[in-house]
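Student: Hey, I'm new to this one. Can you walk me through it?

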Amino acid sequence: PDAELTQRELAAAVAEAIDRLPSRCREIFLLSREGGLTYFEIAQTLGLSVKTVETQMGRALRALRLAVERLG
């Protein structure tokens, strides 16, 4: 039961952190993680540079990491 609660808390924290991301950052993150696109493919799809995609993914991952650290 404790592990199940922790799993639910973690999932909720991650979902909330994703929802809080700025819209473009969230879009890039979801295209990568849920859409399975590469950074190059995301850049082509959104008309961005690969460097911009890398920067936005870094921001998204940092925000998620902080959200998970707050649980611990």
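This is a predicted model: local features need pLDDT of at least 70, side-chain atom pairs count only at pLDDT 80 or more; totals for chains, interfaces and linings use all residues.

Student: Where do Glu16 and Arg20 lie?

Tutor: Both are in helix H1, four residues apart, and that is about one turn of the helix.

Student: And is Arg20 buried or exposed?

Tutor: Arg20 is exposed, because its relative accessible area is 62% and the cut-off for exposed is over 50%. Glu16 has 39%, so it counts as partly exposed.

Student: Which residue does Arg24 form a salt bridge with?

Tutor: Arg24 pairs with Glu27, and their closest N and O atoms are 3.7 Å apart. These two residues lie in helix H2, three residues apart. Arg24 is partly exposed at 38% relative accessible area, and Glu27 is partly exposed too, at 35%.

Student: What about Glu54, what's its partner?

Tutor: That's Lys51, with 4.0 Å between the closest N and O atoms. Glu54 and Lys51 are separated by about one helical turn, because they are three residues apart in helix H4. Lys51 is exposed, with a relative accessible area of 58%, whereas Glu54 is partly exposed at 36%.

Student: Why would side chains like that pair up at all?

Tutor: Side chains of opposite charge can pair when their charged atoms come close.

Student: New topic: what's the volume of the largest pocket?

Tutor: About 160 Å³. Its lining includes Ala13, Leu21, Pro22 and Ala67.

Student: Last one, Ser32. Buried or exposed?

Tutor: Ser32 is buried, because its relative accessibility is 10% and buried means under 20%. Ser32 sits in helix H2, which covers residues 23-33.

Student: What does Ser32 contact?

Tutor: Leaving aside neighbours within four places in sequence, Ser32 is in contact with Leu37, Tyr39, Ile42 and Met57. The side chain of Ser32 also makes a polar contact with the side chain of Arg33, at 3.0 Å.

Key. Residues are numbered from 1 along each chain as its sequence is written. Side-chain values use heavy atoms; hydrogens and water are left out. On a 1 Å grid over the protein atoms alone, a cavity is a set of points where a 1.4 Å probe fits but cannot get out, and a pocket is an open set with protein on both sides within 12 Å along at least five of seven lines; lining residues have an atom within 4 Å of a point. Grid points are joined across faces, edges and corners, and a volume is the space filled by probe spheres set on the points. Buried means under 20% relative accessible area, exposed over 50%, partly exposed in between (1.4 Å probe, protein chains only). A polar contact is a pair of N or O atoms within 3.5 Å; within protein, one must be able to donate a hydrogen and the other to accept it, and residues adjacent in sequence count only if both atoms are side-chain atoms. Contact means heavy atoms within 4.5 Å. A salt bridge is a side-chain nitrogen of Lys or Arg within 4 Å of a carboxyl oxygen of Asp or Glu.
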